Amino acid sequence: MARTVGIGIQDFAKLKSEDLFLVDKTMFIKEWWEKRDEVTLIARPRRFGKTLNLSMLEYFFSVKYAGSGLFQGMKIWEEEKYRELQGTYPVISLSFSSVKEDNFSEAKEKICRLIQLTYQKFDFLLEEDFLKEYEKEAFLNVSADMKAYEASL
């Protein structure tokens, strides 16, 4: 039976779990990893899979998804070195693909809200001695209405 094309779905795990049509681009992981660039710029036209590729990278490297089985049957899984590498890093992922506001102040607020939501995902850091007191204070001050300089700290 033919697979359904999940138009607009940017979550790698959702495409896999719902058995939707997916072009195997997992060798991008190997290519990117072996270049060892300090900075990577992925400039492509709209609807070209940038967010989906970043989602794939997050699911591959994040300790949160270690042993998930998402990559079994994919080309990257044929590489033993990369099977061992999967799920071994803490990953913070932040996408601005939903920022489509018409003016600067609304776009800034949306970006600050995205930063705030990202901080909320990692609020467990406040519980232990992961952060110094001044870092905890800065962490707690993150909000959608924070100043631009606070968002860039």
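**A helix and its surroundings**

Trainee: Which residues of α3 are buried?
Mentor: Keep in mind that this is a predicted model. Helix α3 covers residues 50–61. Its buried residues are Asn 53, Ser 55, Met 56, Leu 57, Glu 58, Tyr 59, Phe 60 and Phe 61.

Trainee: How far does α3 reach from its first C-alpha to its last?
Mentor: Count its residues to begin with: there are 12. At 1.5 Å a residue, the expected span is 16 Å. The model comes close to that, with a reach of 17 Å.

Trainee: Which element gives the largest share of the largest nonpolar core?
Mentor: That core has 18 residues, and Phe 12, Ile 29, Tyr 59, Phe 60 and Phe 71 have the most contacts inside it. Two or more residues come from each of α1, α3 and α4. The largest share is five residues, and the element giving them is α3.

Trainee: What covers the buried residues of α3?
Mentor: Take Phe 12 as a way in: among its contacts beyond four places in sequence are Ser 55, Met 56 and Tyr 59. Phe 12 falls in α1 (12–17), which is part of the cover.

Trainee: Which side chain makes a polar contact with the side chain of Glu 58?
Mentor: Glu 58 lies in helix α3. This residue is buried yet has no salt bridge, and the nearest side chain of opposite charge, Lys 121, is 5.5 Å away. A salt bridge would need a distance within 4 Å. The polar contact, at 3.3 Å, is with the side chain of Ser 93.

Definitions and conventions
Residues numbered from 1 in each chain as written. Predicted model: local features only at pLDDT ≥ 70, side-chain atom pairs only at ≥ 80, totals over all residues. Heavy atoms only, no water. Helix = DSSP H or I, 4+ residues; strand = E, 2+ residues; numbered from the N terminus. Expected span 1.5 Å × (residues − 1). Buried < 20%, exposed > 50% of the residue type's maximum accessible area, 1.4 Å probe, protein only. Contact = heavy atoms within 4.5 Å. Core = buried A, V, L, I, M, F, W, Y, C linked by side-chain atoms within 4.5 Å. Lys, Arg positive; Asp, Glu negative; His and termini not counted. Polar contact = N/O pair within 3.5 Å; in protein donor to acceptor, adjacent residues only side chain to side chain.
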